[in-house]
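Please read it alongside the sequence and the coordinates shown here.

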Amino acid sequence: ANLYEDIVALAPNEFNRIYLASAYQNAGRYAEAEKVLRDLEQESPFSGDIQVRLAGLKLAQNDVESALGYFEKGIYLKDNKMMNTTKYRMALTQTYRENKRWQEAWDQISYLLTAKPKNAAVQMLLGNFYSQRNQSEEAVKAFKNALQYDPTEVSAYSAISQQLAMQAAL
């Protein structure tokens, strides 16, 4: 973090300050990371990126409810600017899944499938959702779709193998 503090002292732009906040977060210096991000938020209140950084910080602190709120606000701000929110929605969906908030996860997946139906990463997210819900056949379909859209999606191969092994064990 000291290197980033020196860089910010020389060039206090948003980019460098975001890296400083990340360095603080990675060092477990959450209060300092939050101060940097809050200052940025004051300067750029309509930045979806800063909201998502705050979400990541809250997740690092296991404050899931706050993180979800920041994700949703970040997506809202990006949507209002007609900017791509796919990666943010995927992170939000992952957080919902990890916390077994199935309906909210499904709502985000549905949105992503409508917006990016041929996106391999979205298909992997769908497959993982089905896998977590013990819907193996649907999971395999989604993982195969991911491979169809991106044959280099290596994790899809292992995911299919796992699902088929589980089906064979039943």
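The largest nonpolar core has 43 residues, and those with the most contacts inside it are Val36, Leu37, Leu40, Leu92, Phe129 and Phe143. Helix 8 gives the most to this core, with 7 residues. The model is a predicted one, in which local features need pLDDT of at least 70 and side-chain atom pairs count only at pLDDT 80 or more, while totals for chains, interfaces and linings use all residues. Residues are numbered from 1 along each chain as its sequence is written, and side-chain values use heavy atoms, with hydrogens and water left out.

**Terms for the core and the helices**

- A nonpolar core is a set of buried Ala, Val, Leu, Ile, Met, Phe, Trp, Tyr and Cys residues joined through side-chain atoms within 4.5 Å.
- Buried means under 20% relative accessible area, exposed means over 50%, and partly exposed lies in between (1.4 Å probe, protein chains only).
- Helices (H or I, at least four residues) are DSSP runs, numbered from the N terminus.

- Leu40 touches Glu14, Arg17, Ile18 and Ile50, not counting residues up to four places away in sequence, where contact means heavy atoms within 4.5 Å.

**Helix 9**

- The 14 residues of helix 9 (residues 136-149) should span 20 Å at 1.5 Å a residue, and its end C-alpha atoms are 20 Å apart, which agrees; the expected span is 1.5 Å times one less than the number of residues.
- Ser136, Ala139, Val140, Ala142, Phe143, Ala146 and Leu147 are buried in helix 9.
- Seen down the axis of helix 9, these buried residues fall within an arc of 165°, so they line one face of the helix; the arc is that of the directions from the helix axis to the C-beta atoms.
- The buried residues of helix 9 pack against helix 8 and helix 10 (154-169), whereas Glu137 and Gln148, on the other side of helix 9, are exposed.

**Salt bridges**

- A search of the whole structure finds 13 salt bridges, each being a side-chain nitrogen of Lys or Arg within 4 Å of a carboxyl oxygen of Asp or Glu.
- Lys78 and Asp49 meet through their side chains in a salt bridge (3.3 Å, N to O). Lys78 lies in helix 5 (residues 64-80) and Asp49 in helix 4 (residues 48-60), so the pair ties together parts that are 29 residues apart in sequence.
- Lys78 counts as buried at 9% relative accessibility, while Asp49 is partly exposed, with a relative accessible area of 31%.
- Glu138 forms a salt bridge with Lys141, the closest N and O atoms being 3.4 Å apart, and both residues lie in helix 9, 3 residues apart, about one turn of the helix.
- Salt bridges that share partners join Glu34, Arg38, Glu41, Lys58 and Lys73 into one network.

**Two polar residues**

- Gln123 lies in helix 8 (residues 120-132) and is buried, with a relative accessible area of 5%.
- A polar atom of the Gln123 side chain lies 3.1 Å from the backbone oxygen of Pro117; a polar contact is a pair of N or O atoms within 3.5 Å, and within protein one must be able to donate a hydrogen and the other to accept it, with residues adjacent in sequence counting only if both atoms are side-chain atoms.
- Asn13 is found in the loop between helix 1 (2-10) and helix 2 (14-26), and its side chain reaches the backbone nitrogen of Asn16 at 2.7 Å.
- Asn13 is partly exposed, with a relative accessible area of 36%.
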